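Let's take a look at the salt bridges in this one. Have the sequence and the model open side by side as you read.

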Amino acid sequence: MRAEIIKDRVLVEKKAINELYNTGYYGRPKDNGLELTLIEAAYLAYRGKIEVENEGKVLDFAGFFKKASTLQPAFELKYIVYKDIRERGFYVQPGVTDFRVYPRGSHPGKGAAKQFVYVRSERIPMPLRDLLRSLNAAENVRKQMILAIVDEESDITFYEVKRPRIKGGMGDSLYPDITADATFLEDRVIIWDEDASTTLFENGFYGKPLDKQRLQLSLVESRYLMENNVINIMDRQDNALDSESFTEIASKIEPEFLLKNSVYTDLREKGVVPKTGFKFGSHFRVYAQVESPTKIPHSEYLVHSIPSDHEFALPVMSRAIRLANSVRKSMLYAIPTEAGIDYIDIGRVKM
């Protein structure tokens, strides 16, 4: 069938409505024919269903592909993903993100799309704001958000992006009803009292025992307990530290302290137990509940705190997600906002 490039669309003669739209749900019917996106037109040209003209000249597939790549940013990436999903047996149409995908057995006019697909190249950093914009668009119409990353060999890795529901079983025991003195040493805090150390470790899984009598706390644990009047922190000369002075010192030791601290506090308030995730390359590993430090369960999440202006380096993100999945955890990213902490869960998914 004859087709013609008109600006950034391809118009196919009227009979295409019956032969292409009514059977394969390509394009959008118009009064003067069937309007296709450049991606749809390229796929149909590849399959030999249409011949595309530009300024009176018929283009072969290579000619059309090159022309289309000058008219649409990331054309080749989106074509690779579109073709892959189509050939998996799904109906695909342009969407609020890049594509909307219908579940198997359904199609436009029969049911609603299930997924919104957002396409990215592994080489180009992905701004968090772009990802959140696509996620919000999907959530607003109750669709599954799929991130399709195309690598340099044109292989595609699919990820599901969603907002998790984080709720733990420690809500009734966020911290014990005690007050203890502690000392801020070089880069951590020590509680000297044996009873207080034991209580904090066994009732809330705070810190790590230095020995049988004493407990060492991380910076974020220390500030959280300090803010809730569980510990009084002094320097090595026994001068009392207030929250502001402690935070100033902690921020010099750890530049990301404030970012991590806000996330740590939010996680504790959600009734879960955050502990360092250093061994996994993240800020925290998170337990839904710890009834006893002698019977530590499997942690459910890895959580990494990121600022609102963060840009994902996609190879780094891919490594983090693969590691989390390999140890049976979900990879969460935590974003402090004026309204609180926003969490996103990114995990590999099969289409």
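What follows is a short tour of a few charged pairs in this predicted model.

## The overall count

The salt bridges in this model come to 17. Here are some of them, taken pair by pair.

## Glu 53 and Arg 2

Start with Glu 53 and Arg 2, whose side chains form a salt bridge at 4.0 Å, N to O. Arg 2 sits in strand 1 (residues 2–6) and Glu 53 in strand 5 (residues 51–54), so this pair ties together parts that are 51 residues apart in sequence.

How does Arg 2 score on accessibility? Its relative accessibility is 43%, so Arg 2 counts as partly exposed.

## Lys 275 and Glu 221

Next up is a salt bridge between the side chains of Lys 275 and Glu 221, with an N to O distance of 3.0 Å.

## Lys 270 and Asp 266

Lys 270 and Asp 266 also meet through their side chains in a salt bridge, at 2.9 Å from N to O. Lys 270 has a relative accessible area of 28%, so it is partly exposed. Asp 266, at 18%, falls under the 20% cut-off and is therefore buried.

Finally, which residues are joined through shared partners?

Conventions
Residues numbered from 1 in each chain as written. Predicted model: local features only at pLDDT ≥ 70, side-chain atom pairs only at ≥ 80, totals over all residues. Heavy atoms only, no water. Helix = DSSP H or I, 4+ residues; strand = E, 2+ residues; numbered from the N terminus. Buried < 20%, exposed > 50% of the residue type's maximum accessible area, 1.4 Å probe, protein only.
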